[in-house]
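Welcome to this short tour of a protein chain. Please have a look at the sequence and the model, and then read on.

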Amino acid sequence: MNKIAITGLGIVSPSGIGKRQFWANVKSARSFVKKITRFDASRYPSHIAGQIDDLDKYSNFSERLLKKIDAFSHMALVASEMAMQDAGIDIKNEDPNLVGIFLGNAIGGWLYAETELRDLYIEGREGVSPYMASAWFPAAPQGQVSIYYGIKGFSKTVVADRASSLMALGYARSTLAKNKLNMIISGGMEAPVTPYALLCCNTYGALSRNNERPETAYRPFDRDRSGFVIGEGAGIVVMEPIERAKKRNANIMALISGYGTTCDGFDRINPSSDGRELARAINMALEDAQISADEIDYISLDGLGVSLWDDSEVRAIKTVFKDNAARIPASCPKSMFGNLLGASGAVDLIATVLSMENNLIPPILNLENPDPKGLNYVQGQAKDYKVGRALVISRGRGGINSALVVEKP
Amino acid sequence: METKAKIKEVIVNLLRIKPEELKDGMSLQDSIGVDSTEMVEAVIALEKAFGVKLSAKEITKSLTLDEISSIVDSKIGK
């Protein structure tokens, strides 16, 4: 299948809004996991998160629009605008029929939904905003971005738990490879720092309860891991066929060259401990990219920070990469800002592209005593390293496995 | 306050737009591009403001401020 160019990056994350700020913080290994301040979350078992407090400063969208949409759509709009600016795209000059949008989301826009459901039970049906119908559902950001920019090509929202956005990127690539569109805006967004969404995440049972020391709470692949930490944000990229990107002299930052996805089909929450299906997804991505396992220079780990997930992920990597697993640098920058659930894969891809661009791999924060051992984890501080080809892994509840190969142009 | 001025105030506040954006003689769709959901919201807000029951069907037609004002006046018996 054709390789597809990434020509623009848009990032809204707890570690920063915009790729410069995000990268400056990520490469410095600064934690942005804090106690939740948006509402009183103190009685939740886990009340820490990666939060975004200054979105409005980066937003040019009207009050009239913002009152109709949830925070996750707002984040997607800001990230899309940034991605297109970064790509040098003026959407007004594009044929709208040849522009698509593929986004991933896991849980929907609960801040809006919760407020309106409260009004429903207090005031009755007349108290509910008519925008409720279009504000909360997982495909709402796709719709809002499409309307805002007049996008009319093939578009889709993927809902596949934490694997949603990497899957959206994979599908966007296959769609572009059919040569029926000129460009696709792709990635994901998530806004789980709300009372109900936080409650649901807590009942999942895998969040860290290290509320006293938030900055050290998310520690994937560490012996003293205590679960993951949620975060909010959006990661969106502009994707184009290489020929078109070259023709318009775009800055081709990276190429998406392979994608694979499988399901464990094992349990509704947990993955299979053997990592076999994740290994198959990685092999599918490598085969699709027409490269062998020893040509991968860097692995961006899913890193849930839960023993069963970390163990099975390492097992899958060892199955695919064999002795090389101990050599290839592997990292998980989301340990600094939280797991952005449906947006996590896209944010991991953006961090990987920035690693390629800067020849620098950010570390896994809080990794002191690796467990399981056997991977070349990047610990402590960012490591100078030339990354030519990278593998990005993203996994969802119940064993949804997603793997994407990205390479330097 | 005159009915038309009050309707204008309700819609301007509701949509968080500048008063000058809402033009006389033009329909709400043509002057400020209201969509169907905004129109539903406007009907609810006008019902609250004037204490009358309005039919969404009659308001959601392409009406100007003057025409909406006449409908509201007829409901409140002006």
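## Contacts and ground rules

A contact here means heavy atoms within 4.5 Å. Among contacts in chain A between residues at least 6 apart in sequence, 80% join residues at least 24 apart.

This is a predicted model, in which local features need pLDDT of at least 70, side-chain atom pairs count only at pLDDT 80 or more, and totals for chains, interfaces and linings use all residues. Residues are numbered from 1 along each chain as its sequence is written, chains are lettered from A and ligands numbered from 1 in the order in which they are written, and side-chain values use heavy atoms, leaving out hydrogens and water.

## Overall build

Chain A holds 12 helices and 17 strands (DSSP runs: H or I of at least four residues for helices, E of at least two for strands, numbered from the N terminus). Its C-alpha trace spans about 65 × 55 × 40 Å along the principal axes.

Of the 409 residues in chain A, 65% are buried, meaning under 20% relative accessible area with a 1.4 Å probe, protein chains only.

## A look at Asp222(A)

Where does Asp222(A) sit in chain A? Asp222(A) belongs to the loop between α8 (195–203) and β8 (230–231), and its relative accessibility of 0% makes it buried.

Its side chain makes a polar contact (N or O atoms within 3.5 Å, one able to donate a hydrogen and the other to accept it within protein; sequence neighbours count only if both atoms are side-chain atoms) with the side chain of Arg219(A), at 3.2 Å. A polar atom of the Asp222(A) side chain also lies 2.8 Å from the backbone nitrogen of Asp224(A). Leaving aside residues up to four places away in sequence, Asp222(A) touches Asn366(A), Leu367(A), Glu368(A), Asn369(A) and Asp371(A).

Conventions. Buried means under 20% relative accessible area, exposed over 50%, partly exposed in between (1.4 Å probe, protein chains only).
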